[in-house]
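Subject: The structure for you to look through

Hi,

Here is the structure I promised to pass on. Please open it alongside this email, and I will walk you through what turned up.

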Amino acid sequence: MGRYIIRRLVYGVITIWLVTLIVFFGLRLIVPIFYGDAIEIAVGLSGAIDDKALIERRRAELDLDKPLPVQYVSWLTDVARGDLGRSLFNGRPVLTEIKNRLPVSLELGLVGLLSAVIIAIPFGVVAALAQDRWPDYALRVYAVGSSSVPGFWLAILIITFASIWWRWAPSIDFAYFHDDPIKHIKIMLLPALLIGLTPSGGLVRIMRSQMLEVLRQDYVRTARAKGLAESVVVMRHAVRNGIIPVITIIGLSLPGLIAGTPLFERIFVLPGMGNYLIASLGDLDYPVIQSTNLIFAILIVGANLIVDISYSLIDPRIRYS
Amino acid sequence: MARTQAADHYAAIAQRRAERPFIVRLASGIWNFSRRKPLGAIGAAIVLIFVFVAVTAPVIAPFDDGAQHLRDKLQGPSAKYRLGTDNLGRDVLSRLMYGAQLSLIVGFGAVGISSLAATLMGLVMAYFGRWVDQIMSRVIDAWIALPDLIILITFLGIVRRTGANMILAMVLGLAFLRSATASRVVRSAVLELRNRPFVEAAEAAGAGPVRIMFRHVLPNILPLIIVTASVALPNAILAEASLSFLGFGPEGTSSWGQMLSVEGREFFRKQPGLALWPGVCIALAVFGFNMFGDALRDVLDPRLRGTRR
């Protein structure tokens, strides 16, 4: 068990390291083919392209005058010290920016997961109880539909038609929870609900099949035979047991949810990590691109890791190999 | 006795079936498939329609997708513009048709290339085993866990600034990220076949590893490769739509995702069809490929039931 966790951890670290390699060398090998480098773009935008001394100075700050492997090692040591550098364009420290933005993306992902579960479990139970009658068919259509209909399109439809019919539009000026809780919830609720819609379809299917299996068990028949009310049988005996495997599967959708946050941040103009990454790509802002990718990699790999480990804790049948 | 009679009976039926002309066999095959898998048949029909539209878009599209009719901006559906026009007066229907082209090019391109790469990697890993397998498997473990969408956004964001071909970049990026997952499937299938008598027989007959891999093992895992590819297609289409939506698609090419992008949002209020139809196309295409892929999987390889990717 201990060895299994250690091995998963090592793989996780290797994956994160792979991401930093791809992004770091991708940036610094591809960009110079077409432009000088990010510094020339940054300085060019500020109108001082002829100021050779300035360019050289900024290059030295970023170690861009040294060979690539040296640059990489020096970036890694900076990161290990907790220094993510400063944006090439506005000079703001990347770390402070990420501290403000990371909670927004995390909240989006986690509340999305919660909404997926809140939708999926009752739907799955109802579908199983009404097997092969119309509620079952309706929910099966929902399950198939939600995996085909892109969540970001639903968000666009809601915004479009809400503004036509009710003249309602989502607020574009963001408020943090500690500043204005009610406004914050108003802004975050819709995107968080919508982001959970895509994974909810798969969960409905799993919950339904689990319930069908449990409802056929002997102990459920016993419970019914001793005269318990149907609601008690379902809630206390069936759902409790049917839900266990579903809980283990729920975590699987977390990495996808986190990776999907940029779409919803873009639509609802939320100051999260995704929008930060997209904006930095427009300017080829090396430090920001590298750092956001690193954080996303840690988040997604971490989510995978937690799922794997909790699997092995919940279900001892999983072999640690 | 009864059993052999039954066996003879079925063999005779199979014989008679095989002798029927190709068209009849094809038709009865389709009929059987649609009876067993009605949803799969609907999916197949949707897929066929999309492929047809994509291939014939230059002929059947009423207008060129880039043609701007500036006098007819933001019109509703009419006889001339069946689904209306956008803010530059481009015909929405024509753009959707050309959008199907992009979707399918990216989808089939990415899945095709990754299947090829994955097959090669899987064969090499499973056949050579030992340290080759050890090292490659470890690399693939890390590769699979890469954050797909984030890496793609970053990669395409960098490529976009260089002015290189975005369609090609998108195809290669998607293919790179999928080949790891697919190679694992191939590897385990080849491992299973490796110890079968027919491989041993080929080895005993003096066939070299390359010949065994391509002539004996590959044909046996082909159905599996096709099935995993068909299941991956809708994901690639969705990825193309998402990336184009975020602004990382090819410029000057119609794309469903791009039609929904934030830049056009102010016009959706005036012409809600602009927000509606591209999404309908994405959802239908993904649904069609999903249903078709699921049915294909059940028919060709029931072992894979329940896996998705």
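The side chains of A:Ser87 and A:Asp285 make a polar contact at 2.7 Å. This is a predicted model, so please read every value here as computed from it. A:Ser87 sits in the loop that runs between α4 and α5 (94–129) of chain A. Its relative accessibility is 9%, and because buried means under 20%, A:Ser87 counts as buried. Leaving aside residues up to four places away in sequence, A:Ser87 touches A:Arg92, A:Val94 and A:Val288 as well as A:Asp285.

Two or more lining residues come from each of α1 (2–34), α3 (52–61), α4 (68–80) and α14 (286–314) of chain A. Helix α4(A) gives the largest share of the lining, with four residues. Sorted by class, the lining has seven charged, seven nonpolar and five polar residues.

Helix α14 of chain A also contains A:Ala303. Is A:Ala303 buried or exposed? With a relative accessibility of 5%, A:Ala303 counts as buried. Apart from residues up to four places away in sequence, A:Ala303 touches A:Leu254, A:Pro255 and A:Ile258. The C-alpha atoms of A:Ala303 and A:Leu252 are separated by 8.2 Å, while the two residues are 51 apart along the chain.

One backbone detail is worth a look on your screen. Most residues other than glycine have a negative phi. A:Val269 is not a glycine, yet it has a positive phi of about 50 degrees. You will find A:Val269 in the loop between α12 (254–268) and α13 (273–283) of chain A. At 38% relative accessibility, A:Val269 counts as partly exposed.

Finally, the two chains. How many residues of chain A are in contact with chain B? There are 48 of them, and they meet 42 residues of chain B. Between them, chain A and chain B bury about 4,000 Å², with 73% of that area on carbon and sulfur atoms. On the chain A side, A:Trp153, A:Arg266 and A:Leu281 supply 14% of the area buried against chain B, more than any other three residues.

Happy to talk any of this over.

Best wishes

Key. Residues are numbered from 1 along each chain as its sequence is written. Chains are lettered from A and ligands numbered from 1 in the order in which they are written. This is a predicted model: local features need pLDDT of at least 70, side-chain atom pairs count only at pLDDT 80 or more; totals for chains, interfaces and linings use all residues. Side-chain values use heavy atoms; hydrogens and water are left out. Buried means under 20% relative accessible area, exposed over 50%, partly exposed in between (1.4 Å probe, protein chains only). Ala, Val, Leu, Ile, Met, Phe, Trp, Tyr, Cys and Pro count as nonpolar, Asp, Glu, Lys and Arg as charged, and the others, Gly among them, as polar. A polar contact is a pair of N or O atoms within 3.5 Å; within protein, one must be able to donate a hydrogen and the other to accept it, and residues adjacent in sequence count only if both atoms are side-chain atoms. Contact means heavy atoms within 4.5 Å. Buried area is the accessible area (1.4 Å probe) that two parts lose on being put together, summed over both.
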